[in-house]
Amino acid sequence: MATDQNKEILNVESKARATAGRISYFDMVVESAKGAIVTDANGREYYDLLASASAINVGHCHPKVVSAVKEQADKLLLYTPAYFSNVKTAELYSRLAAITPGNFAKKVALGNSGSDANDAMIKFARAYTGRQYIVSYTGAYHGSTYGAMSVSGVSLNMTRKMGPMVPGVVKVPYPDHIQRHKGESDHDYSVRMFQLFKLPFDTYLPADETAMVLIEPIQGDGGIVKPPQEYMDMVYQFTRENGIVFAVDEVNQGLGRTGKMWSIDHFGIEPDLMAIGKSVASGLPLSAVVGRAEMIDALQSPGNAYTTAGNPVAAATALATLDVIEEENLVQRSKDMGERAEAFFKRCQQDFSFIGAVRMYGFNGGVDIVDENGNPDPDATNRILYRMYELGAIMISLRGNTLRFQPPLVMTDDEWHHASAIILQAFVDEKDGMIKEPDAAGHIGWS
Ligand SMILES: Cc1ncc(COP(=O)(O)O)c(C=O)c1O
């Protein structure tokens with residue numbers, strides 16, 4: 001019998017790998033990937049329904065992106081932009097300023113990860129306002145550095161044993177599907193959630209000492225959730241009235257993922273600061289904060305300098321990635337494919353009682369798996385994910401019982417046809433009680 005290369009590699013790896021850096025799902029080792037197809041170490045192919053956690057919106061190893069990497073790698077891997085610029089990095093600043101919302105003077109700070117971009121927004125907002133407090137949301141994932149962890153609110157393991165967190169952070173409830181009462185109108189929900197947003201300000205948090213409100217306009221790891229327009233308008237208006245920086249994290253939901261270039265575009269709001277990462281350089285380490293010039297200039301050098309931030313290979317890759325998004329109309333593609341996917345999941349919702357809410361914004365969605373009482377069913381979620389994996393599709397969960405659906409935006413019609421057939425088969429097998437418990441049942445996903 002042929003040896004299982006995946007397991008062999010993982011056995012070796014596990015002897016030296018830190019546990020904290022990986023969330024367990026399947027015993028799979030990625031060998032290569034192209035477009036929307038991933039190949040494992042055994043040579044088995046899978047439809048990618050995760051896009052490397054929304055970091056590969058333009059598809060794996062896009063030829064234009066790969067040739068930009070190769071061309072730049074031949075010329076210059078790094079001269080640190082912390083001291084001297086280079087041709088590609090110099091070009092990237094204005095490109096990012098041009099493609100982000102806001103008809104005002106903007107500047108850009110480059111980083112290495114979505115996490116450090118969120119840290120940087122804390123720094124810029126504090127420096128600009130001279131105020132200390134930061135308001136962020138429950139259910140948020142902003143990253144794994146101390147600042148980003150401190151403003152996150154999605155997993156106990158992100159604070160456990162590591163406190164104290166960065167001080168001055170106040171969390172308010174995100175208007176998500178869990179907080180919402182059955183049948184509550186958008187208006188009633190917005191008013192109620194805005195009251196909860198205001199509660200700290202009414203009781204212990206001086207608005208005039210608050211530097212920034214940080215929000216994911218569509219929350220990613222919180223379950224792919226979009227607040228009502230009225231709620232966002234109220235929060236934004238509150239920041240205007242109180243001189244508070246309105247900052248958005250687009251690391252997960254930006255760059256066409258939601259059927260618009262940025263998730264904040266769904267609300268017609270121009271943020272003061274925006275964090276970008278993941279797909280911007282097709283997965284090479286690069287992040288950015290784009291914001292009002294006077295806010296970015298509030299910090300003096302070297303208040304936010306990193307040796308490798310905006311390194312030339314990542315910068316060249318980002319420029320190529322942004323070209324691909326434009327040339328291949330991927331924002332529109334995301335919208336169109338999202339409509340098809342939504343129709344598919346809504347049809348499934350009719351046929352399978354364990355499918356709860358379906359939230360789809362672009363080629364990007366959360367599909368809740370529930371028990372007969374409508375409560376979250378993480379075991380069924382794990383079984384379905386595992387079955388998809390057996391059948392040849394990669395998907396993971398959010399919050400234990402939400403299917404996280406984020407395929408590369410370049411997935412072809414034919415690939416979607418096959419991938420959706422796998423999803424359907426997994427639903428049928430779950431309904432029929434046919435799915436063998438995966439070895440990792442109960443241990444996969446976030447905790
Ligand atoms: C919304 C959001 N912000 C920030 C981050 C952190 O990005 P990184 O893992 O590149 O540090 C993530 C990662 O999942 C994210 O989803």
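Me: Which strands each supply at least two residues of the lining of the largest cavity?
Reply: The model is a predicted one. The lining of the largest cavity includes Leu273, Met274, Val290 and Gly291. Strand β9 covers residues 273-276, and strand β10 covers 287-292. The strands that each supply at least two lining residues are therefore β9 and β10.

Me: How much space lies in the largest cavity?
Reply: The structure holds 1 cavity of 30 Å³ or more. Its lining includes Thr100, Pro101, Phe104 and Lys106, together with Pro271 and Asp272. The space in the largest cavity is about 50 Å³.

Me: How do the residues of the lining of the largest cavity divide into nonpolar, polar and charged?
Reply: Among the lining residues are Lys106 and Asp272, which count as charged because Lys and Asp belong to that class. Thr100 and Gly291 also line the cavity, and Gly is counted as polar. The division is 6 nonpolar, 2 polar and 2 charged.

Me: Which strands are the edge strands of the open sheet?
Reply: The open sheet is formed by 7 strands with mixed pairing, in the order β4-β10-β9-β8-β7-β5-β6. The twist from one strand to the next averages 20 degrees. Pairing on one side only identifies the edge strands, β4 (106-111) and β6 (169-172).

Me: What is the bridge partner of isoleucine 134 in β7?
Reply: Strand β5 spans residues 133-137 and strand β7 spans residues 210-215. The two strands run parallel and are joined by 3 bridges. In β7, the partner of isoleucine 134 is methionine 212.

Me: At about what angle to β4 does helix α4 run?
Reply: Helix α4 comprises residues 87-99. The helix lies across β4 and β10. Its angle to β4 is about 125 degrees.

Me: Is threonine 80 buried or exposed?
Reply: Threonine 80 is placed in the loop between α3 (63-75) and α4. Leaving aside neighbours within four places in sequence, threonine 80 is in contact with Tyr306 and Thr307. Its relative accessibility is 13%, and a residue under 20% is classed as buried. Threonine 80 is therefore buried.

Me: Which residue does a cis peptide bond join to proline 164?
Reply: Most peptide bonds are trans. Proline 164 is found in the loop between α6 (146-151) and β6. With omega at about 0 degrees, the bond is cis, and the residue joined to proline 164 is glycine 163.

Me: What is the relative accessibility of leucine 255?
Reply: Leucine 255 is found in the loop between β8 (245-249) and β9. Its phi is positive, near 60 degrees, whereas most residues other than glycine have a negative phi. Leucine 255 counts as buried because its relative accessibility is 2%.

Me: Where does serine 282 lie?
Reply: Serine 282 is not a glycine, yet has a positive phi of about 50 degrees. At 14% relative accessibility, serine 282 counts as buried. Its place is the loop between β9 and β10.

Definitions and conventions. Residues numbered from 1 in each chain as written. Predicted model: local features only at pLDDT ≥ 70, side-chain atom pairs only at ≥ 80, totals over all residues. Heavy atoms only, no water. Pairing = 2+ DSSP bridges. Helix = DSSP H or I, 4+ residues; strand = E, 2+ residues; numbered from the N terminus. Axes fitted to C-alpha atoms, helices over the stretch in contact; angles between N-to-C directions. Contact = heavy atoms within 4.5 Å. 1 Å grid on protein atoms, 1.4 Å probe; cavity = no way out; pocket = protein on both sides within 12 Å on 5 of 7 lines; lining within 4 Å. Points joined across faces, edges and corners; volume = space filled by probe spheres on them. Buried < 20%, exposed > 50% of the residue type's maximum accessible area, 1.4 Å probe, protein only.
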